[in-house]
Amino acid sequence: MAMLTIGAFAKACRLSPKALRLYDELDLLRPARVDPDTGYRYYAAAQLEQARLVAWLRRLGMPLAEIRRVCLLRDRDASTAAREIRAYWARVEAETAVRRDLAAFLVDHLTTGPDGPGKDTAMLELRYSAHSDTGRVRPANQDTAYAGARLLAVADGFGPAGAPASSAAVEALRFLDTDEVPAGGVLDLLEDAVRGAEQAVRDVADGSDDIGTTLTALLWTGSRPALVHIGDSRAYLLRDGELFRITHDHTMVQSMVDEGRLTPEEAASHPERALLLKALTGGGSGAAPDLRLLHETRPDDRYLLCSDGLSGVVPDARVLELLASPASPDETVRALVEAANAAGGPDNVSCVVADVVETTVHAGL
């Protein structure tokens with residue numbers, strides 16, 4: 001086996017000898033042989049490919065812990081490693097966009113003219129609340145609901161480990177709630193996050209197709225939310241007094257409605273209305289979720305995400321009535337859950353309500 005000294009290897013892979021010694025200590029890139037007397041490191045020519053990958057990832061600014069993960073993934077599946085790099089770079093772009101916007105704001109804020117410092121700035125943000133309830137019939141709650149400044153999500157688990165499955169799917173998306181993301185990169189970032197949710201569900205379910213979850217989530221970008229949806233949980237938009245459903249159920253009865261074999265009224269009482277065509281399952285069905293950008297948000301828009309424990313028993317007219325009230329998001333989610341329970345509460349019910357509000361950042365502050 002051809003061996004290279006640490007100096008020759010460093011020159012070939014464009015990593016310094018100091019960096020190679022560090023990566024050896026961190027178990028990121030071990031030498032092929034270490035002289036027992038001198039401690040001098042030697043590397044095999046076959047290690048150059050991994051060393052170059054490490055060098056390139058360091059030039060991207062990737063932390064060492066993430067580089068180790070990419071290298072391990074590359075040994076098993078290069079395409080998975082590539083997705084990991086794409087997800088990392090999407091986060092970098094998101095963080096860069098946040099800093100760029102902050103820099104632009106500060107420049108505007110500090111620019112003085114005859115009337116003093118820059119203009120007041122109008123910004124859109126979310127006011128939100130989430131609530132989940134077991135209902136009146138089920139012995140346990142397998143739903144998970146989450147609301148944050150960037151991320152809204154509802155998941156409805158099923159099977160013997162439905163609760164851990166729904167929780168794992170939502171937990172896999174929660175890192176998206178930490179930073180604002182630019183609209184140009186949000187779908188790639190969300191797609192990679194959903195792959196992480198799929199893997200999390202498979203880990204919980206241990207390969208069983210009988211265990212899984214629906215997932216409906218909105219990622220807030222400040223202008224156009226991004227939607228990911230699989231299963232029969234739903235998302236709605238209340239705008240100017242009208243209620244719009246922005247998801248499409250992945251169910252057997254919905255497909256029959258689409259084909260004209262059932263009316264919506266017949267579908268509502270069909271005995272197999274809960275039969276899912278797509279979901280995140282332990283068997284890794286590979287069913288693709290719906291993934292798209294929504295229309296531009298407006299001040300006073302109100303979003304609702306819910307499990308079928310609400311949509312299956314509370315008519316749209318009643319949902320509209322409750323959403324259109326001036327109540328706060330927290331009051332509204334609780335009123336919606338109460339309406340589902342008043343209708344018999346046959347299933348777990350989860351609701352997330354988020355209001356789009358316009359706030360003003362004053363130039364003098």
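View A. At 68% relative accessibility, D240 counts as exposed (over 50% relative accessible area; buried is under 20% and partly exposed lies in between, with a 1.4 Å probe and protein chains only). Together D240 and R298 form a salt bridge, with the closest N and O atoms 3.5 Å apart (a side-chain nitrogen of Lys or Arg within 4 Å of a carboxyl oxygen of Asp or Glu). D240 sits in the loop between strand 12 (234-239) and strand 13 (242-245), and R298 in the loop between strand 15 (290-293) and strand 16 (302-306), so the pair ties together parts 58 residues apart in sequence. Strands (E, at least two residues) and helices (H or I, at least four) are DSSP runs numbered from the N terminus.

A word on what you are viewing: this is a predicted model, where local features need pLDDT of at least 70, side-chain atom pairs count only at pLDDT 80 or more, and totals for chains, interfaces and linings use all residues. Residues are numbered from 1 along each chain as its sequence is written, and side-chain values use heavy atoms, leaving out hydrogens and water.

**View B. R69 and E84, a salt bridge between helices.** The closest N and O atoms of R69 and E84 are 2.9 Å apart. R69 belongs to helix 4 (residues 64-76) and E84 to helix 5 (residues 78-110).

**View C. C351, a buried cysteine.** C351 has a relative accessible area of 0%. C351 is in no disulfide (a pair of cysteine sulfur atoms within 2.5 Å); the nearest cysteine sulfur, that of C306, is 5.7 Å away.
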